[in-house]
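Here's a quick briefing to keep beside the sequence and the 3D view. Have a look at the overall fold, then at the charged pairs and the surface.

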Amino acid sequence: MITQDFASTLRVGQEIAAAQYDLAQRAGSLLLDAGRLNLKLAGLLISPWARKSR
């Protein structure tokens, strides 16, 4: 009985860890995408200003 409870607790812990890892991967991917969009936006905003100063 105690062994089964321990095994099920470990299984649940592994599932939680896997879900947290998946969320961390997705969050990292979203941060990278946001960074890329930021760079594109900065390029669009700076581009007309750079053209005027030439």
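**The helix, its pairs and its surface**

Helix α1 has 51 residues and spans 75 Å from first to last C-alpha, close to the 75 Å expected at 1.5 Å a residue (the expected span is 1.5 Å times one less than the number of residues). This is a predicted model, where local features need pLDDT of at least 70, side-chain atom pairs count only at pLDDT 80 or more, and totals for chains, interfaces and linings use all residues. Residues are numbered from 1 along each chain as its sequence is written, and side-chain values use heavy atoms, with hydrogens and water left out.

**Overall shape**

- The protein has one helix and zero strands (DSSP runs numbered from the N terminus: H or I of at least four residues for helices, E of at least two for strands).
- With a radius of gyration of 23 Å, well over the 10 Å that the globule rule gives for 54 residues, the protein is more spread out than a compact globule (the radius is taken over C-alpha atoms, and the rule is 2.2 Å times the number of residues to the power 0.38).
- Along the principal axes, the C-alpha atoms fill a box of roughly 80 × 10 × 5 Å.
- α1 bends by about 30° at Ile-46, and Pro-48 follows within four residues (the bend is the angle between axes fitted to the seven residues ending there and the seven starting there).

**Salt bridges**

- There are two salt bridges in the structure (a side-chain nitrogen of Lys or Arg within 4 Å of a carboxyl oxygen of Asp or Glu).
- Arg-26 pairs with Asp-22 at 3.2 Å, N to O; the two sit four residues apart in α1, about one turn of the helix.
- Arg-26 counts as exposed at 53% relative accessibility, while Asp-22 is partly exposed at 34% (buried is under 20% relative accessible area, exposed over 50%, partly exposed in between, with a 1.4 Å probe and protein chains only).
- Arg-36 bridges to Asp-33, with the closest N and O atoms 3.1 Å apart; this pair is three residues apart in α1, again about one turn.

**Surface**

- Of the 54 residues, 0% count as buried.
- The protein exposes about 5,200 Å², with carbon and sulfur atoms supplying 66% of it (Shrake-Rupley method, 1.4 Å probe; for residues, only the protein chains shown count as cover).
- Leu-41, Leu-45, Ile-46 and Trp-49 make a nonpolar surface patch of about 480 Å² (patch residues have over 30% relative accessible area and no salt bridge; like charges are joined within 9 Å, nonpolar side chains, namely Val, Leu, Ile, Met, Phe, Trp and Tyr, within 5 Å).
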